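Student: I would like to go through this model one piece at a time. Can we start with a strand pair?

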Amino acid sequence: MSSAATILACLLIPLAGTIAIMLAARVGDNLRETATLVTAGALAWTVWSLLPEVMAGERPHLYLFEIVPGLDVAFTVEPLGMLFAALASSLWIVNSIYSIGYMRGNKESKQTRFYVFFALSLAATIGIAFAANLFTLFLFYEALTLLTYPLVSHKGDEKTLRSARVYLGILMTTSIGLLLPAIIWTYWVAGSGEFTPGGILADHLQGPALGLLLALFVFGIGKAAVMPVHRWLPAAMVAPTPVSALLHAVAVVKAGVFSVTKIIVYIFGVDHLFDTPSSGWLLYAAAFTIIVASLVALRQQNLKRLLAYSTIAQLSYVIMAAAILKPLAEIGASVHMVAHAFGKITLFFAAGAIYTASKKTEVFQLAGIGRRMPWTMTAFTIGALSMIGVPPTGGFVSKWFILAGAFQADNYVAIFTIIVSTALNAAYFLPIVYLAWFGREVEGAGPEHGEAPLASVIALTITAALTILFFVFNGPVIELESQIFGAPS
Amino acid sequence: MSALQAHMPALQVIVPMLSAPLVLLLKERRLCWAATTLTSLCSFAIAVALCMGVLAGGESYYLMGSWPDPYGIELGVDAFSVLLLLVVNGASTLVLMGAFGSLNQDIEGHRQPLFYSAWLLAVAGLNGILVTADAFNIFVFMEISALASYVLVSAGPNRRALPAVFKYLIMGTIGATFYLIGIGLIYLMTGTLNLADMEIRIHLVADQKPILVAAGFITIGLALKAAVFPLHVWLPNAYTYAPNMVTVFLAACATKVSLYILLRFDFFVFQPNLAGHDLQFAYFLMPLSLLAVLVASTVAMFEPNLKRMLAWSSVAQIGYITLGASLVSLAGITAGLLHMFNHALAKAALFLALACLGMSVRHLRLENIAGIARQMPWTMAAFVLAGLSLIGVPGTAGFISKWYLISAVFESGPWGVALAGVIVISSLMAVVYIWRVVEVAYFGSLETGSTTGATIAEAPLPLLLATWTAVALNFYFGFAASLPVELSTRAARILLGHIP
Amino acid sequence: MALLELYHYWAFAVLLMIGFYAVIAKLNLIKKLIGLSLFQAAVFLLYISMGKVEGGTAPIFMDGVDEQLYSNPLPQVLILTAIVVGISTLALGLGIVVRIKEEYGSIEENEIQEIDQR
């Protein structure tokens with residue numbers, strides 16, 4: 001199969017999967033979930049099959065069609081997108097296994113709709129990952145917003161709908177209100193929106209206008225959840241946990257920071273931005289988000305909301321790393337995307353498993369739960385350690401790179417932020433871990449329960465294992481990303 | 001075949017016009033419907049043929065009765081007319097194909113032949129406006145189509161259609177008469193009614209006051225017919241109480257054709273000759289367009305009646321079109337014309353979806369469609385997708401025009417950013433009023449809805465097919481936009497080509 | 001005096017305004033339609049009067065008559081069409097008024113509005 005056909009297959013497999021899921025649902029639930037798993041497996045396999053080429057330095061390209069002169073739908077696989085696509089598609093397999101346990105365990109309604117929109121969301125995610133220009137990126141970005149709406153509003157009661165309204169409202173407002181003008185502005189000054197190594201704006205836009213355009217992009221990409229456009233993420237927590245796990249810890253939010261990184265690297269150009277003082281605000285905005293989101297997380301009682309605020313902070317790590325504008329930090333940004341994905345999906349899986357087994361959602365209820373659910377809480381502990389950045393977890397690797405990049409740039413704001421936020425992360429994760437293992441369970445506080453359904457436990461064990469493995473086997477990722485940013489020195 | 005090709009501009013009017021009385025002779029309802037649809041299809045085929053001609057070689061002219069111009073009546077078809085010919089005949093055909101069931105419900109059997117006849121007359125009138133190059137002829141065709149549309153609207157099942165149509169008639173006649181005064185004054189000064197001839201001769205008397213007065217009368221009169229804010233008051237009720245299928249047709253075509261005359265007249269006759277007219281035009285139209293966009297969208301956000309909500313949205317969308325035109329630049333006019341085409345697609349699809357809902361729900365109010373997506377999944381899915389086009393989500397036709405419009409306002413100078421802001425804000429308002437419906441239809445509970453016990457089922461297949469065709473076209477022209485873009489760019493060039 | 005020489009324009013303007021006023025200010029729908037007709041008739045007068053050439057005669061070609069000054073026939077032809085249009089509009093308008101009377105039992109605009117708001 002030619003590489004262009006492979007890219008097309010990556011987009012079509014989830015779409016074909018939705019049809020298969022719908023048809024299979026008429027036969028029975030088991031077949032439907034088999035269809036989901038097969039689709040996820042096929043997608044991951046196809047995405048991974050692109051990796052050798054990209055590793056070899058090639059850039060597979062697929063040109064679909066021209067909408068009007070200057071506006072194309074086209075795809076190019078470059079290292080950042082490759083990494084993101086591989087990450088999302090692989091975790092979809094694990095997530096599908098987990099979903100089976102969760103959705104059945106909680107007897108959720110409308111499961112077919114759930115699986116269908118999940119597959120469609122993945123198609124949109126792959127489209128974002130491989131987009132070759134700003135227009136294609138925007139196309140799939142908006143599609144992802146709309147396709148995740150039915151997942152967020154899944155429950156359909158009044159409270160859920162209100163949250164879903166916030167979700168859609170913020171993401172649509174920012175994307176139409178800021179991102180679209182930014183994209184049109186870019187096309188207007190640069191004449192194109194192709195993602196080009198080294199950027200396309202260097203010859204066209206300088207000075208304060210560049211800082212303004214950057215602001216339009218960063219806040220326009222609401223999915224990156226830089227404060228003050230972060231409110232949608234806690235709101236999205238009303239969704240079933242598998243949605244929070246894959247979409248709001250990996251696919252959607254990573255699509256946000258991925259887009260910001262990609263735009264910084266391929267539209268603005270790292271060097272051009274570094275030479276423009278007016279773009280310096282981004283670092284401070286990210287640092288502010290990290291600190292404030294961590295402080296807010298410190299005060300959360302609801303476990304999923306706590307994880308959401310933790311995600312907001314972690315996303316801004318990626319933004320901050322990208323805003324340091326040094327090769328090592330850029331690599332740190334992409335490594336952190338992976339490390340955080342493994343860690344956070346594990347945490348969400350654990351939160352969902354706890355809910356499935358015991359219906360507990362608040363932090364204080366977790367006292368002593370480690371003895372009832374040892375697998376789940378072990379995974380949770382590993383995820384939490386990765387968030388803090390303790391070896392031997394993936395979180396340590398990315399922090400190492402970001403710190404190294406910050407030293408390279410003599411960027412003391414970034415260094416200070418990382419140190420403070422590490423302390424804050426420890427301050428809100430470690431008490432939970434301590435409570436779960438060593439706390440005393442309140443007598444008669446809830447029903448007797450054991451571990452979550454097997455499928456869920458398998459899934460969270462896998463991701464926890466990945467979190468640890470990534471500490472050791474991160475070479476390929478770094479090698480891949482070094483292609484764009486130059487070898488780490 | 002080539003002999004026939006030469007007569008296409010005339011046939012475009014004659015075919016529907018001659019079929020109109022013939023339809024009356026067919027008493028059987030289904031036969032009437034079939035004949036009307038077939039005629040409309042023929043008319044659409046002629047429009048397509050004309051379009052291909054324009055794309056291949058440029059404009060085609062036709063002298064009625066072979067009288068030489070400027071004495072005889074000249075027909076002229078260029079990119080601008082073709083763009084709207086496609087919209088008018090395409091919309092009419094698509095709507096008719098799905099209309100039988102819905103019209104059967106709204107209109108008593110023995111009146112249906114009359115109704116179909118009026119429909120064809122409306123099409124003939126609109127086509128006539130688009131093909132003729134004679135100012136007085138435009139007036140006559142304008143009145144033919146207007147009279148026919150009054151009849152169509154008054155067929156609405158609710159008695160409130162009657163006061164609405166009366167208002168429509170008064171306003172429409174005033175607008176047309178203003179136009180008549182305007183061309184009278186011009187004829188007085190120049191002695192010609194042929195648009196091309198007028199452009200040349202008016203140059204000699206451009207500094208005379210009657211010309212200025214004529215410009216005023218014509219602009220106001222046509223703005224009234226085109227429902228340019230704040231002359232839109234007739235529109236919301238007329239659209240709301242018309243039979244559902246008539247609303248689809250009118251929303252897609254009627255006001256746009258009036259805008260067509262407005263732009264054509266202004267750019268052919270006045271812009272090249274009157275000193276400073278371009279600025280007057282822009283300063284007059286731009287604030288009104290912005291107000292239209294903002295005010296009408298705001299009203300739409302709070303309107304519980306679904307048809308009226310979309311009617312207000314139409315007022316806002318007309319604001320987009322005039323905003324593009326008021327930039328008086330190639331990019332701006334292209335964007336405006338493109339939006340004529342794309343908005344027709346989006347609004348037709350939305351009103352068609354409402355017509356589907358109307359098959360089961362008598363009063364199309366927000367509270368009556370709670371949870372209806374369960375019974376009518378296809379209809380509501382079509383509504384959501386068409387709504388996305390109205391909002392301007394990428395991948396839909398609506399996005400293309402928004403892209404062009406925002407690019408055009410960026411180009412227009414330092415104020416461009418503010419204009420872009422208005423466009424963006426009103427897009428967000430569109431999100432609000434579309435999503436209000438989506439939420440109620442998908443997540444509302446059936447118990448609260450007063451469905452009066454009637455069984456709610458999916459709309460009849462032909463209507464659904466028409467709706468989904470419209471939806472598919474929204475996406476087709478969102479991805480392959482070259483045809484409308486090509487036509488609008490050419491049309492904008494033609495309009496601007498007359499300005500020195 | 002120059003103003004009075006163009007007296008037919010004055011007639012046009014005054015008639016137009018009377019008609020326009022009636023359309024806007026009268027609440028009775030029939031009176032509105034009368035105003036509308038007056039409004040249109042004024043425009044017809046504008047057209048017809050402008051076709052008149054001083055000293056000109058009817059534009060009929062005959063053998064043995066040449067070098068004759070004719071009035072412009074075109075405005076008359078145009079207005080013939082416009083009159084037809086005007087009549088049709090009036091007829092349709094009256095038809096709608098009849099239907100309104102049947103449905104609402106009134107042809108006063110404010111009363112109809114009241115009934116609708118109930």
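Student: How many bridges join E1(A) to E2(A), and how do the strands run?

Tutor: Bear in mind that this is a predicted model. In chain A, E1 covers 61–68 and E2 covers 71–76. The two strands run antiparallel, and the bridges that join them number 6.

Student: Which residue in the hairpin of E1(A) and E2(A) takes a positive phi?

Tutor: Look between the strands, where the hairpin has 2 residues. The phi in question is near 100°. The residue that takes it is Gly70(A).

Student: Which residue in E2(A) does Tyr63(A) stand opposite?

Tutor: E1(A) and E2(A) are antiparallel partners. Across from Tyr63(A), the residue in E2(A) is Ala74(A).

Student: Where does the kink in H1(A) lie?

Tutor: H1(A) spans residues 3–27 and reaches 35 Å, close to the 36 Å expected. Yet the helix has a kink of about 30°.

Student: Which helices are included in what covers the buried residues of H1(A)?

Tutor: The buried residues of H1(A) include Ile7(A), Pro14(A), Gly17(A) and Ala24(A). Strands E1 and E2 of chain A are part of their cover. The helices included are H2 (29–49) and H5 (111–130) of chain A.

Student: Which element gives the largest share of the side of chain B that touches chain A?

Tutor: The contact takes 21 residues from chain B and 18 from chain A. On the chain B side, H16, H17 and H19 each give two or more residues. That side divides into 16 nonpolar, 4 polar and 1 charged. The largest share, 8 residues, comes from H17(B).

Technical notes
Residues numbered from 1 in each chain as written. Chains lettered and ligands numbered in written order. Predicted model: local features only at pLDDT ≥ 70, side-chain atom pairs only at ≥ 80, totals over all residues. Contact = placed C-beta atoms within 7 Å. Helix = DSSP H or I, 4+ residues; strand = E, 2+ residues; numbered from the N terminus. Nonpolar A, V, L, I, M, F, W, Y, C, P; charged D, E, K, R; others polar. Expected span 1.5 Å × (residues − 1). Bend = angle between axes of the 7 residues up to and from the residue. Buried ≥ 20, exposed ≤ 12 C-beta atoms within 10 Å, placed from the backbone. Pairing = 2+ DSSP bridges.
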